[in-house]
Amino acid sequence: MEFAWLLLFVALGGLRGARGLQEVDVFPSRGGDIRDFTVAARWVYVVTGDYLYQLNHSLGLLHSLTQRGEYMASSIRFNRASEGGTSTFSVNTLAPLVERNLLFTCGALNSGYCETLNLTDITQIISGEDFELSPFVPKGISVGFVVDVNGKSYILAAAEGMNETRFGDYPKKSRIRLHNTHDGQVGKLLSVIDDRDSPEIVAHAHGVQFVDGFQIKSTIFIFSNLNYDAPKVRLLWFASKTSKTETLRSLRGATLVCCEGGKARQRLVSSSVIPGDQPVLWAGIFTDHDVTITELAVYDVSPPTEAVTYTDPDFGFKQEPWKGDVPITLRPRCVLLRHRFMTSVLAVKLNNWLIVFIGTGDGQLLKLTVDAKLQAQCLSVIWKAPDDRRVFPKMHLDPVGRKHVFVAVRDKLMRVPVSQCVQHSSLESCWNARDPYCGWCGALTRCSFEDECPSSLWLSVPDDLRQRRMLSHSFQEDAEGKIRLAVFTHLKRGGAPANFSCRFDSSVGVLGGLGHRYPECTCLLPPVIAGLRVSVTVSLGEVDVTEELNLLNCSGITGAPTPLLCSQCLAAGCGWSNGACTWTRSGALNMNVCFALQTGVNSLPEIFSITPSELSFYGKNNAVLTGRNLGHVIGVRLQGDLDCSAKEASVRLNTGASLTFHIPAGDKGRVEVCLLLRDGGCHGNASLTYLSAPVCASIAPDSTWASGKRKMNISGSNLEFVEEVTHSHTNQKVTFWKTDDGGSLKFESLATDRVPFSSSVTLRVANHTLACPTAIRYLPDPQFSAFHATPAPDHLLLTIILKRAEELQMAAVDLQVQGVQGGEDLDCDIREIDHRKGTDFIICVIQSSSDAEITAVKITYGVKTVLLEPPWSFMVFLIRLIIVILVGLTMWGCIYYYRPRLAAQLNMSTGDLEMYVWADIRQGCANRQTPRMLRAKKRKMLRRQQEARLAWFHEVEPGGGRRRQHCHHRRPSAASRPLCQPKSPRSRRETGKTPLPLERVDLPRAGPDPPRSYQRSPDVPLKPPPSRKPCN
């Protein structure tokens, strides 16, 4: 949240403004919210729950002192520890004593405890004492500051009482005491003893809350809230006397009543004395039980001068009995402002102006300009937080330069410039700012503070900030009927003296001046005025102001008395009297008189509603206004309370019954809305409320799966004003939903095709983009591996195993689980997700009978649905796979085992078929040949068969003997010759020899072929033909 706040603060230009604006220095403290801070000499002191800081005036850290450690009761000593420690010194009071270079810190440590530190270096601890100078409860409220009593310095401590008892004591009541500031005083350091007595002012009842206190000359002022019986605000006066006792006995009291003409405000929130001489003016913020409604009132709190004996009904010296004197009643001199959520006030004098700085509960620092008559003129915002952070009740003006205000917001201290004069680049812009701090420096030719222009003319705003023009003019008719032109200069001179002169140039020549005396100069006009153009140049030293005037004849401006005619008359410098435009100046010159006239339009526009009626200070595009008689409306005007510069928006679409327009950016608070017509009138009555900007504090969960559509939640404030949510990795629009309270915003993550990576999220409001501090991590989709169903008496318990989801941190809202039973989907209510290292176990319950059989589980996340089969289905599949593999192996083994026999049978069948083929061939040939030829062919055929069969083996020994070699060849077919068949021997005719007789022989089995019977000659050697190589 803090990081988000800083991001928005930088986006608003809080740390360093644009266009050369002055810095807003920020000191982010540690150890909790700021409990108190004070400014003394050249340093700023800030105390939080765990630390005390010493800063320079630019909020640079000089020293820090931890407030944690061990309290040694025996030696009344607090030993600080850099880490740890069982005790915390909770400081409630910071009281610097610049004259003695001391800083007193008091609060709660076991009981009341105070330390005296070196003002220059707080790490130098001078002493520690057990004193109940402030409440010894950690969150006690007290007021403590250094006062001067008869030339001696004491700490006046007004401590809130405690209702609870402690260590057996009676409940403590609120009390006011004076404590010593050094050992040379009676009773030594921090003692309350005064001449053997311990004087004190004690509240007669519980429920007293001290708010503020200060000393002006010899009078001490204490302000408090009384929360018992009838709540009221009390003021106590003490006169500086010769001793502590006499000073406290000088008690006088008053009751502050706020405010006239409205509901009584019985509680004081914050206060500030208004610098100046008598009377003593004081400003306070008052409220009641409804803290949102507050009023800023100014009182004359000068002490009574009559010497009377007085006993206060609510406070008494020590234990004096009540005497019931009625305190005087003080009523406000004026109420400067009624505003929501005012929490702190600081009044500053600037020349004749009173500048009031106001902190609010919604995180703004306002600047209210008040004139010498205590009339509020202009209200502006000089700083605002992006969210609703309450401003601390106490503020301080920087004594170095007096151009910054120290403001505390929670755990941050800021140094805010009182004005941004440097942002105005021209005299007109500087003047239109209507800021008494800013003026135009003639020598530097820029807008500056007065002390930055020491030896030159410095022109600032007039005493009446309601003036809208630097130069105004009017006509005067004298007794002779001559018309004079009078020009008024609304510039206040400051700095070095400067000459004042005027020049009137017209279309008929230079007009003679009748005299010029700051701030007015006049000239005599010619007889013919209508259409005369006059250029007026006013010179103030080296600064010239020129304005072009197109003069009109006042008597010629006639017609029905409408706002348009009245506005034209006054703008021309004429007067308006009795519904007509005149030369005389006796008529009203105030433009407001024109608004009361009947408009020239037959029917005035009315406003029914504006949507939206609440928006962030960034504004809103395409707002819709509904009403009646809207046809002549040309614009919409928005103006806040005491706003010196109204905002106007043009109409984008006008249907006669509704308007569409852009609401401009503004400051937090309520503004009035009216409709502009062409005659200058503004009619209708409605209001808009500007609130803080949306703040994106965190995104949960901070990771999503790649397929997207995970429901995510943005936490923050004012998120109802968000118009668009975007991811950095895509331009696709994000679907989101808003909650009624504006504290959260839900959206669906977008899909991506790459993981892992991070995508930043931004929110769009009007024309501004706000960044979320948390980036979304994209991770792979989760994997669901298995589930197990466990029967129970009246339901089924499912346990689902989820892999690779440790970083996703999936929750029940991310998943929808259904069990499948007989084709029906049964909802499974997720009861628990057990996150373990690397694996998540999802446990859900199906309201069904315990004997129900879940055949599958459907799991839906985002846009994906996963169907998860039961574990036994996988086992069946595995068993079937094993059976198929075994059957395949068995068949392969059988084939491998029976293959030789099958091959042999195949070879035998092939040989027999070959013999039948050859027999048929021989028989056919024999039928056509002579017996001689048949015999020769038969012998040739037998020889070939014999040699073919002999080629199956051939024995050769290594030493000339024989060994068997097998020749695996194919059986000869009808179309091919055997691979190992030798050449047939030559015929008898060729050799001249008689063939040898043949005999039948059985060859041994070779290879897969069975033995066969062949015929050969017994004298023929068993050897292959000489032309063939042995078989390989």
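A disulfide is taken here as a pair of cysteine sulfur atoms within 2.5 Å. The structure is a predicted model. C421 and C438 meet the criterion, with their sulfur atoms 2.0 Å apart. The torsion about their S-S bond is -90°, and the link is left-handed. The pair connects distant parts of the chain, 17 residues apart. C421 sits in the loop between β33 (412–417) and α3 (427–432), and C438 in the loop between α3 and β34 (439–441). C421 is buried, at 1% relative accessibility. C438 is buried as well, with a relative accessible area of 1%.

By this rule the model holds twelve disulfides. Another of them joins C554 to C574, with an S to S distance of 1.8 Å. This link is left-handed, with -85° about the S-S bond. C554 lies in the loop between β45 (543–550) and α4 (563–571). C574 lies in the loop between α4 and β46 (575–577), so the bond ties together parts that are 20 residues apart in sequence. Both C554 and C574 are buried.

A further disulfide, between C378 and C644, has an S to S distance of 1.2 Å. The torsion about its S-S bond is about -95°, so the C378 and C644 disulfide is left-handed. C378 belongs to strand β30 (residues 376–384), whereas C644 lies in the loop between β51 (635–640) and β52 (647–654). The pair therefore ties together parts that are 266 residues apart in sequence. C378 and C644 are both buried.

C894, by contrast, is partly exposed, with a relative accessible area of 40%.

Attention now turns to the strands. An open sheet is formed by four strands in the order β21-β22-β23-β26, with antiparallel pairing. β21 (267–274) and β26 (334–340) stand at its edges. Each has a single partner strand, so one side of each is left without a neighbour in the sheet. From one strand to the next, the twist averages 20°. Seven bridges pair β21 with strand β22 (residues 281–287) in the antiparallel sense. Within this pairing, S271 is placed opposite G284 of β22.

Strands β27 (residues 342–350) and β28 (residues 353–360) are joined by eight bridges and run antiparallel. A347 faces V356 in β28. The hairpin of β27 and β28 has two residues between the strands, and N351 takes a positive phi near 55°. β27 is mostly covered, with eight of its nine residues buried.

V47 gives a local view of packing around another strand. The residue lies in strand β3 (residues 43–47). V47 is buried, with a relative accessible area of 1%. Beyond its neighbours within four places in sequence, V47 is in contact with D33, I34, R35, D36, L52, V91 and L94. The C-alpha atoms of V47 and T105 are separated by 9.4 Å, although the two residues are 58 residues apart along the chain.

The nonpolar interior was examined last. In soluble globular proteins, nonpolar side chains tend to be buried together. In this model the largest nonpolar core has 71 residues. F357, F475, L485, F504 and L525 have the most contacts inside this core. Leaving aside neighbours within four places in sequence, L525 is in contact with F475, I483, L485, L511, L532 and L551. Another core, of 26 residues, lies apart from the largest one. W705, L802, C828 and A852 are among the residues of this other core.

Notes:
Residues numbered from 1 in each chain as written. Predicted model: local features only at pLDDT ≥ 70, side-chain atom pairs only at ≥ 80, totals over all residues. Heavy atoms only, no water. Pairing = 2+ DSSP bridges. Axes fitted to C-alpha atoms, helices over the stretch in contact; angles between N-to-C directions. Buried < 20%, exposed > 50% of the residue type's maximum accessible area, 1.4 Å probe, protein only. Contact = heavy atoms within 4.5 Å. Core = buried A, V, L, I, M, F, W, Y, C linked by side-chain atoms within 4.5 Å.
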